[in-house]
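Subject: Structure handover

Hello,

Here is the structure I said I would pass on. Please open it first, then read my notes below alongside it.

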Amino acid sequence: MTRPPGPPAPPRPLRLSRRRTVLVLVPALAASALLTTAGCSAGDGAGAGSGAAPKGDAAASASPVAGQLPSPSPSVTVAPTLTEAQVKSALISNKDLGKGWKPTQGGATWRDALLKGKTDIADCQRLLDGLYAEDLLGEPAGARAVRGLDDKDDGAQVRYQVGAYDRAALDASLAWLKAVPGKCGQFTATDVKGGELTVLVTATPLPGVGEARESLRLKVYGESGGSSAVLTLDFAAVRVGDSALSLTNGGLDGVSANSTRQAAQLGTQRLQDVLAGKKPAARPANQEADAES
């Protein structure tokens, strides 16, 4: 006899393996990432027309270190910048040069006659223009002060200045000055009256002062006051950090190279003292006595 069929067996629960679960989740996560990226791209495009921050700014804002400037390295030192009061206190005075020197009574007459000339040689023109305008080192980037001194005995005149400069430009000017004797050892120029100037240029030594230095001597043959004249002119420059001193010492009866070196040496010491926050060193007693006599 045939046995009647029993009740149907209950369905067996579905069991997903771990491998199956992973395979399901990965596509879902990938789709989510694509949707997020698409949304950001749409936001960037809309921001261009709505004043929204550009992509770089948004990325910077999201970073926890965005906008933070790096701390300065402890090994980097910044040269002090001269103030107006400091450049004036760094100037030398007639007391630094000794007996016979006094504050200037005005520009020497030979400046227009023997320094204001024209030549076709670019470097030589730059030399004449820089000496006449007193800016052979270029325009200062900061404070600047100038002082004129006259030697009442032989008519020489010193023009002395201190200034704060851009370091790279200052070094370039000093390098150019070093090359001048090779480029303009002898040249001719035309003075303001159409006469001829003959100029000789040589390098001259300076004491080992400052961090860099250059010095030249010029002999200019021409006319001044309607008569033949020979101008002797020393130029010296010394760099200390981002600051520098420069001077001319010139006259029709010759000049003392010792006065040029002394002005550079004492002036460098004063500039170094000022940059270090010190009061400039007192002048030697014998110079004080000479200046007062």
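Ala, Val, Leu, Ile, Met, Phe, Trp, Tyr, Cys and Pro count as nonpolar; Asp, Glu, Lys and Arg count as charged; the others, Gly among them, count as polar. Please also keep in mind that this is a predicted model.

**The largest pocket**

By those classes, the lining of the largest pocket has two nonpolar, three polar and four charged residues. The residues are D112, A113, D191, V192, K193, E223, S224, G225 and G226. The space in the largest pocket is about 150 Å³.

**The chain as a whole**

The protein chain has nine helices and eight strands. It has 293 residues, and 36% of them are buried. Take the contacts with a separation of 6 or more: 61% of them join residues 24 or more positions apart.

**Two cavities**

How many cavities of 30 Å³ or more does the structure hold? There are two.

The largest cavity has about 130 Å³ of space. It is lined by 18 residues, and those closest to its centre are E134, D135, Q161, F235 and S246. At least two lining residues come from each of α6 (122–133), β3 (157–164) and β8 (243–251). By class, the lining of the largest cavity has eight nonpolar, five polar and five charged residues.

The second largest cavity has about 50 Å³ of space. Its lining consists of W110, R111, L115, L131, Q157, R159, L233, T248, N249 and G250. Here α5, β3 and β8 are the elements that give two or more residues. Which of them gives the most? It is β8, with three residues. The classes in the lining of the second largest cavity are four nonpolar, four polar and two charged.

**E134, beside the largest cavity**

E134 deserves a separate look. It is among the residues closest to the centre of the largest cavity. It sits in the loop between α6 and β2 (144–151). Its phi is positive, about 60°, although E134 is not a glycine. Is E134 buried or exposed? Its relative accessibility is 16%, so it counts as buried, given that the cut-off for buried is under 20%.

The whole structure has one disulfide. C124 and C184 form it, with their sulfur atoms 2.2 Å apart. Which hand does it have? The torsion about the S-S bond is about -110°, so the disulfide is left-handed. C124 is in helix α6, while C184 is in the loop between α7 (167–183) and β4 (186–190), so the pair ties together parts that are 60 residues apart in sequence. Both cysteines, C124 and C184, are buried.

Q125 is also in helix α6. With a relative accessible area of 11%, Q125 is buried. Leaving aside residues up to four places away in sequence, Q125 touches G117, K118 and T119.

**Helix α8**

Next, α8, which covers residues 257–275. Does its length agree with what its residue count predicts, or disagree? At 1.5 Å a residue, its 19 residues should span 27 Å, and the end C-alpha atoms are 27 Å apart, so the two agree.

The buried residues in α8 are S259, T260, A263, A264, G267, T268, R270, L271, D273, V274 and L275. An α-helix has 3.6 residues a turn, so residues three or four places apart point the same way. You can follow that along the helix on screen. What do the buried residues of α8 pack against? Their partners are α3 (84–89), α4 (94–97), β1 (101–103), β3, β7 (227–240) and β8. Just after α8 comes G277, with a positive phi of about 80°.

**Where to look on screen**

Start with the largest pocket, including D112 and K193 in its lining. Then go to the disulfide between C124 and C184. From there, find E134 in the loop between α6 and β2. Finish with α8 and its buried residues, A263 and L271 among them.

Best wishes

Notes: Residues are numbered from 1 along each chain as its sequence is written. This is a predicted model: local features need pLDDT of at least 70, side-chain atom pairs count only at pLDDT 80 or more; totals for chains, interfaces and linings use all residues. Side-chain values use heavy atoms; hydrogens and water are left out. On a 1 Å grid over the protein atoms alone, a cavity is a set of points where a 1.4 Å probe fits but cannot get out, and a pocket is an open set with protein on both sides within 12 Å along at least five of seven lines; lining residues have an atom within 4 Å of a point. Grid points are joined across faces, edges and corners, and a volume is the space filled by probe spheres set on the points. Helices (H or I, at least four residues) and strands (E, at least two) are DSSP runs, numbered from the N terminus. A disulfide is a pair of cysteine sulfur atoms within 2.5 Å. Buried means under 20% relative accessible area, exposed over 50%, partly exposed in between (1.4 Å probe, protein chains only). The expected span of a helix is 1.5 Å times one less than its number of residues. Contact means heavy atoms within 4.5 Å.
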